[in-house]
Amino acid sequence: MTALLATRMAKADAMAAADAARVLAAGGLVAFPTETVYGLGADATNGPAVARLYEAKGRPAFNPLIAHVADIADAERLARFDADAARLAKAFWPGPLTLVLPKAAGCPVAELATAGLDTIAVRVPAHKVARDILVAFGKPVVAPSANRSGHVSPTRAEHVEADLGGGIDLIIDGGATPVGVESTIIACLGEPVMLRPGGLPRAAIERALGRSLGHSLGRSLADPAAAGDTDGPIAPGMLATHYAPRTRLRLNALRVAAGEALLAFGPVPAEGAERAACALNLSARGDLVEAAANLFAHLRALDAAGAGAIAAMPIPREGLGEAINDRLERAAAR
Ligand code: TXA
Ligand code: MG
């Protein structure tokens, strides 16, 4: 984009949904809160609008987008649901679950949004602001996380402004997003497979399916060469370095070295915590739900502190801990 846009920031009041829908209908870009992270929305059926969205994010055009819709009936116009997909949609929508499914015949979503794949990622978000916008707009909205490509996802309107201000039309400020990590992505193209751990824990999905899920392929994509070896579906965005603060991140740290900032978890302080250049606790009471909600805001704040490195304490892997560890490992892989 050559010209700098005046990015408008609006409170999520009674007028916000109609305002957002007007901007989307004109081919504009609107950032809005979902229960997971802020999304950057464009009219999914408008190719040029989708192209502007890729450009504003600095996102490689081969990385496909999630189409957001208001309900299951709208999702069925975009994608074909097998029995497992239908069961998951019924159990968890609206909510922090994305399904990758075969595209339906006549799917109106622009080819660019699905990067030429014959599958499509679909989600029905639960956040009231997102739902009101989808209902007011009445068409699918593609919305990647509203950060510059490669940055940490935004969980507050100010994060969006810092990354994308001047490059998008409107930011709807609905406060901090409650879940704090992105949606869990499940491909239902045969036996269900988890492509990305996220805001909906694996155990809940396995309970609804009545069996265990195929292994996450995100791990194998840590080595892009290995990605070619998998014959299952992959989430092209799940590259190892996707979630990257500028400051080096040291994982599973039990003590803090001189000049390091500290990303703490739980009530027991890390050894040497008092000498940390800057310290933030994801959850002093050791609650993984609270930790997920704080994760990206704390990473951004510690990154801005200018320390030599960020030491991150170990986080248990159960529940939302799977997604938190996944994002931390990606942030450290650079
Ligand atoms: O919580 C979320 O999912 C947020 C909010 C805004 O809804 N959105 C989000 O979008 O995280 P994004 O674009 O940052 O991540 C979407 C991921 C990418 O890794 C992309 O490669 C993958 O979904 N994806 C999209 N379409 C796909 C497809 N057809 N097959 C496999 N992976 C796909
Ligand atoms: Mg993203």
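Colleague: By class, which residues make up the lining of the second largest pocket?

Modeller: A pocket is an open set of points on a 1 Å grid over the protein atoms alone, where a 1.4 Å probe fits, with protein on both sides within 12 Å along at least five of seven lines; lining residues have an atom within 4 Å of a point. Ala, Val, Leu, Ile, Met, Phe, Trp, Tyr, Cys and Pro count as nonpolar, Asp, Glu, Lys and Arg as charged, and the others, Gly among them, as polar. Here the lining has five charged, four nonpolar and one polar residue. This is a predicted model: local features need pLDDT of at least 70, side-chain atom pairs count only at pLDDT 80 or more, and totals for chains, interfaces and linings use all residues. Residues are numbered from 1 along each chain as its sequence is written, chains are lettered from A and ligands numbered from 1 in the order written, and side-chain values use heavy atoms, without hydrogens or water.

Colleague: Which lining residues lie nearest the centre of the second largest pocket?

Modeller: His151, Pro245, Arg246, Arg300 and Asp303 do, out of ten lining residues. Helix α9 (residues 288–304) gives the largest share, three residues. Helices (H or I, at least four residues) and strands (E, at least two) are DSSP runs, numbered from the N terminus.

Colleague: Where does the second largest pocket lie relative to domain 1 and domain 2?

Modeller: Domain bounds come from an automatic or database domain assignment. Domain 1 (8–209) and domain 2 (249–332) both contribute to the lining, so the pocket lies between them.

Colleague: How many aromatic pairs does a search of the whole structure find?

Modeller: Rings of Phe, Tyr and Trp (its six-membered ring) pair if their centres lie within 6.5 Å; planes under 30 degrees apart are stacked, over 60 edge-to-face, the rest tilted. The search finds one. Phe81 and Trp93 pair edge-to-face, at 6.0 Å centre to centre and 80 degrees between the planes. Phe81 sits in the loop between α3 (72–76) and α4 (83–92), and Trp93 in the loop between α4 and β5 (97–102), twelve residues apart.

Colleague: Is Trp93 buried or exposed?

Modeller: Buried means under 20% relative accessible area, exposed over 50%, partly exposed in between (1.4 Å probe, protein chains only). Trp93 is buried, at 8%. The peptide bond from Trp93 to Pro94 is cis, with omega near -5 degrees.

Colleague: What is phi of Ala115, and what is phi of Asn252?

Modeller: Ala115 has phi near 50 degrees, positive in a residue other than glycine. Ala115 is in the loop between β5 and β6 (119–123) and is partly exposed, at 28%. For Asn252, phi is also near 50 degrees. Asn252 is in the loop between β11 (248–250) and β12 (260–264), partly exposed at 49%.
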